[in-house]
Amino acid sequence: MSRRLPTPYDGSARLFQIGVRPLDPTEWIEVDERLPAYLDEKVRLATVHPDAVFAAEAGTEAAQSEILHLLAEHLPARFPNTYRREGASLAILPADRSVRLDDPSAAPLEVAARLVQEDLILLRKRGEAWHVVAGALSFPSSWSLREKLGRPMHAVHDPVPDFGTGTRNAMMIERMFDHLRPEMPVIRWNWSIYGDDALFHPESTDPAHRRFGAGERAEAVFMRVERQTLRRLPGSGDIVFTIRIHVDPLAALEAHLDAAAIAGALVGQLLELDAAQLDYKGLTLERDRLVARLKEIAGA
C-alpha cells in the first residue's frame, strides 16, 4: 500500500504560476495530528513576537468577526471529533484546550487563528486594487506582515519575479479576486526548500536558513509546502486568505512509493528556474547540491 507523503506535494504544483482551482467549501480548513503542536507554537510566538504575528487596520473588526463566526460554525460541523461548541467557547479536544470566542483581550482575527493550523490574512478592495488590511501570521515563509499591511497586492508581490506591479500575473490576480464567490473558494499550492523545520521564518534576506548542511551532500533539507485558500466573505465582501504550512524532511519523500517521480518533477522545476527566481527562492547557492540529492531519490 502506498504511503502518503506527510507534505502534500505530488510534483504537480509549479512555482511562479497562479494555479488556482475550485475548492469544496467543506474542505476549507485542514486538521491533522499536528494540530496541538501548531496551536502551542502559535501561543508561544504570540508571546515572543506579538508585533510580528498580528496586525490590523482600524475598521476591519467586523470582517475579522465574520471570519471568526464562519470558523466557529464550520469547525464543529466538519470536525465533530476535534471541535465542540461549549457556550461562548470552542473546545479543541485533542489539544485539551478551550478558546473563548468573545475574548475581550484579543482581536477577533487573533481568536480565529487560535482555532486552526492555518494563518489568516484579510484582503479588502480599495479603488482598483485589493489590499492586505489584517493578518494573523505565525508561520511566514520569508515575509513580514508589518511590511505588507496596507499595501495593494501588486506591491505585495513586487519581490516575486513576474508578479509585481504592471505584470500580467498581477492583473490576473486582481481579476481573480474580483470574481471570487462566497460559495466557491479556491485553492493553490506553493513550495519552498529550507535547511530546517522551523515554522516561523520571517527573514527574507539571510541565506543561512537555506543552507542544506556543511558536508558535500545536501543533508539538512526540508520541504515546506503552503496550502493556500481564498474565500470571499458573504457579509463584508472582503476575502480571507488562509495559509497552511506543512514541513517535512526530504527523508519523508524517500520513503514514498512515488518518490522517484516526485523527485524527478522537482528536479525538472529547479533546473528551469532563472537567476531571479532562484534568488527569490534562496536557492542560488544550493540549487546544484539540492538537484544532486533529488537525483539520488529519482534514481537518475
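**Helix packing and selected residues**

Author: The axes of α9 and helix α11 (residues 287-298) come within 8 Å and cross at roughly 155°. Axes are lines fitted to C-alpha atoms, for helices over the stretch in contact, with angles from 0 to 180 degrees between N-to-C directions. Helices here are DSSP runs (H or I, at least four residues) and strands likewise (E, at least two), numbered from the N terminus. This is a predicted model, in which local features need pLDDT of at least 70, side-chain atom pairs count only at pLDDT 80 or more, and totals for chains, interfaces and linings use all residues. Residues are numbered from 1 along each chain as its sequence is written, and side-chain values use heavy atoms, with hydrogens and water left out.

Reader: How are α9 and α11 oriented to each other?

Author: Two packed helices are described by the angle between their axes and the distance between the axes. Here α9 and α11 are roughly antiparallel (angles over 145 degrees; under 35 is roughly parallel, 65 to 115 roughly perpendicular, the rest oblique).

Reader: Which residues of α9 make the contact?

Author: Contact means heavy atoms within 4.5 Å. Among the residues of α9 are Ala263, Val267 and Leu270, and α11 contributes residues including Leu290, Val291 and Leu294. The contact divides into 12 nonpolar, one polar and two charged residues (Ala, Val, Leu, Ile, Met, Phe, Trp, Tyr, Cys and Pro count as nonpolar; Asp, Glu, Lys and Arg as charged; the others, Gly among them, as polar).

Reader: Is Gln269 buried or exposed?

Author: Gln269, found in helix α9, is buried, with a relative accessible area of 4% (buried is under 20%, exposed over 50%, partly exposed in between; 1.4 Å probe, protein chains only). The Gln269 side chain reaches the backbone nitrogen of Leu15 at 3.1 Å.

Reader: What does the side chain of Asp196 make with the side chain of His201?

Author: A polar contact is a pair of N or O atoms within 3.5 Å; within protein, one must be able to donate a hydrogen and the other to accept it, and residues adjacent in sequence count only if both atoms are side-chain atoms. The Asp196 side chain makes such a contact with that of His201 (2.7 Å). Asp196 lies in the loop between β8 and β9 and counts as partly exposed at 27% relative accessibility.
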